[in-house]
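Have the structure open while you read.

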Amino acid sequence: MLQYAVLAPFLTALVVPFFFRYIRAIHTGWLILPIPFGIFAYFLSQLTNISEGNNQLSVVQWVPSLGMNFSFYLDGLSLLFSLLISGIGTLVVLYSIFYLNKNEKLHNFYVFLYIFMGAMLGVVLSDNIYALYLFWELTSLSSFLLIGYWYERQASRYGALKSMIITVLGGLSMLGGLILLSIVTDTTSIREMIAASDTVLESPYFTGILVLILLGAFTKSAQFPFHIWLPDAMEAPTPVSAFLHSATMVKAGIYLTARLFLLFGGTDIFFVLVTGFGLLTLCWGSYMAVRQTDLKAILAFSTISQLGMIMTMLGFGTKAAVFAAVFHIFNHATFKGSLFMVAGIVDHETGTRDIRKLGGLMTLMPISATLAFFGAFSMAGFPLPIFNGFLSKEMFFQTSLELETTSTLVASVAPFVPVLAVLGSIFTFVYSMYFFFHTFTGKTRGELKSKPHEAPIGMLISPILLVVFVVVVGLLPNLINDPILKPATAAIFGEIPDKHIAFWHGFELPLFMSLIVVALGTILYLTRTKWQAVYNWIPGVLSANKSYDYLYNMQFRVSEKITRTYMTGSIRHYVLYILIFIIGATGVTLFVTDGFVIDTSDLAPISWPEVVVGLVMAIAAFATILMKNRIAAILVLGIVGYGLSLLFVFFRAPDLALTQLIVETVTVALFLLCFYHLPKLDTKKQPVGAKTLNIIISASVGVLVTLVAVASHSSKKFDTIAHYFIEESHHLGGGNNVVNVILVDMRGLDTLFEITVLGLAALGIYAMIRLRDKEEMD
């Protein structure tokens, strides 16, 4: 059943264009809304099974000989993420129905959205590393298309390309780490890798594996300094931001770190990297959020800081910290999804997201303001039982005080962790107040494009449902404790936590830390205009974005200079480069490996007919060099091919002779057809040096090919596999003609790709001809 849950969004993406084209009277979103809801209902039905420890495994064979299978595994962790993906996906589709006009290119939007949804489900459910990587990169591709949905905008194209470059590079790094991991553990199953954790820890490749995999996780989850793609991704439509950048794509890196926690957790290097970069991301993201003037940009940097906090708790490595991280993953999805939707409502109804122009919307949009209040102060971790964010934030403070000092390194940095946790949370409180009060209180600060009014009820349903979760989980957190949080924590840590969530723990240090955050955060918010100049110093003129732009532009400038040195427009030069490389690479290989061998044994006898045909072929090949007419050169060159067919006949290979005859006839005909339309051959006079170089290169290629041909026959470094084809041709291919079976069955993929290449070339030629005809008509 798991494979069908993953497959359903992809199948939906296939039919969306037909719905959009033939059922225009109904918004396309209504037609496909039941799919994510059905997936959500299915995963909801698995809560009891998973909480009782009845995990599920479903395997679909792909390339089993290489260890590549679609293995889907459902446990507490994958169930948590599957519920978030399908549940919030359902609400996002419902929200988009009212956010996007029917005149938009809805077929593109929903195709991209459902591909992304299926890819994310594939990521969190995959047990096979190759399937995981396939879905991982598919999320990057589909998010690229979603971010660039309004591709006519330069900012959308820029944000989409930046996210693609950073996340794909991280994905390649992750792939390298996973391949090394599979080599060390001799398996491609993530569960089996975790079972072989001792082998991994003792491996000399452990550090390299960890760093490579964390690079993939950090780029995907927008950890510093790879966070720069996330704010620019806000150019996507708001439903995309609510889905990708609050509950799904940015959580993929969190998921990967959590899934492999049993492999890496508890080591010093894991603690340093994950906790260190997590705290840095938390502090930097919250600090930069206060600087922003766009509602979605504020939320983007807030997402960065919240992801840093979750990553930090995973880095702590304790059972309580892992439980707190799981709890905050759930809480963050609820309040951040609602806030993105509210930001979209404000933009939709006022025509702007510029917080410098907004203000006083509480009386005009009371429902939206109420939703923003609950979302913002839950994000801030305000100490009231109606905010679920406070519960997980207090757990964060508690776990930062209870680090297990398993080594001198951890003991030395442990005292600074709570300080940094409070520092990042202070700015979190500031940007939460900034988001709410600057938008909904006071007076309008600028001219709005349209008169503000409350959004239609259809657009409000989704954020209302998310805020209901914020309040209900805040008041009754143990409703999700046993069915969701404990199984997810057990899947990460390996043990079921004995944790009862309570709002009041007495006057403990975490509460005082929260009160310090509230007090200092309020002061900083009220005095924001007085200290805002600090941003001129930090980051000042330096920023990761400028570094990215510099490196991006520099690579184009450098590559352009290098390319100009050899891309001269001369076909002679291009052929020259290719032949020189072939001569050098092949010649050096022959020399280094002692690959040239002459063995005259086991040769077929040669009679005078073969000698005559061979001489004719040699004369014809040499004559093509002297021809001054293309048509004549092609016809003379055809003699070489037909002569080869005749040699196959002499050596009793009629099937090869027939194949060569057909190929040669088709090739000669195609060349004649193409060359007939080319201008007459004009022999250009070349300097003596160029002619000499031509002679040397051509003679070298001829000698090299001869040496390779002789060596390939004479060398016996490997046992022949001819007997395998003779014995298996009938069994595997159902034919007694060994050559045909090899071409059609045993080399079927190769033949398929050859046909594919020819088909693509034909399409390219056809496109150029059509383009030429169109230009002539114009």
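1. Start with Arg 652, which counts as exposed at 78% relative accessibility. This is a predicted model, and in it the phi of Arg 652 is near 60°, a positive value in a residue other than glycine. Arg 652 sits in the loop between α30 (630-650) and α31 (654-676). Most residues other than glycine have a negative phi, so I'd flag this one for a look.

2. You'll find Asp 186 in the loop between α8 (154-185) and α9 (190-195). Buried or exposed? Asp 186 is exposed, at 70% relative accessible area.

3. On to the peptide bonds, most of which are trans in general. Phe 224 and Pro 225 are joined by a cis bond with omega of about 5°, and Pro 225 is in the loop between α11 (206-220) and α12 (229-232). The bond from Ile 538 to Pro 539 is also cis, with omega near 5°. That proline, Pro 539, lies in the loop between α26 (528-531) and α27.

4. Now the strands. β1 (residues 56-63) and β2 (residues 68-74) run antiparallel and are joined by 7 bridges.

5. Which residues does Phe 43 touch, leaving aside its neighbours within four places in sequence? The list is Leu 2, Ala 5, Leu 74, Leu 79, Ser 82, Leu 83, Ser 86, Leu 121 and Leu 125. Two of the names on it are serines, Ser 82 and Ser 86.

6. Phe 43 is also one of the buried residues of α3, along with Pro 36, Ile 39 and Tyr 42. Seen down the axis of α3, the buried residues fall within an arc of 120°, so they line one face of the helix. As for geometry, α3 (residues 34-45) has 12 residues and reaches 16 Å from its first C-alpha to its last, close to the 16 Å expected at 1.5 Å a residue.

7. Charges next: the whole structure has 9 salt bridges. The one I'd open up is Asp 294 with Arg 353, at 3.1 Å from N to O. This pair links distant parts of the chain, 59 residues apart: Asp 294 is in the loop between α16 (268-289) and α17 (295-316), and Arg 353 in the loop between α18 and α19 (366-380). Arg 353 is buried, with a relative accessible area of 17%, whereas Asp 294 is partly exposed at 22%.

8. Lys 486 and Asp 482 form another salt bridge, with the closest N and O atoms 3.2 Å apart. Both residues lie in helix α24 (residues 481-493), 4 residues apart, about one turn of the helix. Lys 486 is buried, at 17% relative accessible area, while Asp 482 counts as partly exposed at 45%.

9. Glu 560 and Arg 564 give a further salt bridge, at 2.7 Å from N to O. How far apart are they in helix α27 (residues 544-566)? The spacing is 4 residues, so about one helical turn separates them. Glu 560 counts as partly exposed at 40% relative accessibility, and Arg 564 is exposed, with a relative accessible area of 59%. Elsewhere, salt bridges that share partners join Asp 294, Asp 347 and Arg 353 into one network.

Methods. Residues numbered from 1 in each chain as written. Predicted model: local features only at pLDDT ≥ 70, side-chain atom pairs only at ≥ 80, totals over all residues. Heavy atoms only, no water. Pairing = 2+ DSSP bridges. Helix = DSSP H or I, 4+ residues; strand = E, 2+ residues; numbered from the N terminus. Contact = heavy atoms within 4.5 Å. Salt bridge = Lys/Arg side-chain N within 4 Å of Asp/Glu carboxyl O. Buried < 20%, exposed > 50% of the residue type's maximum accessible area, 1.4 Å probe, protein only. Expected span 1.5 Å × (residues − 1). Arc of directions from axis to C-beta.
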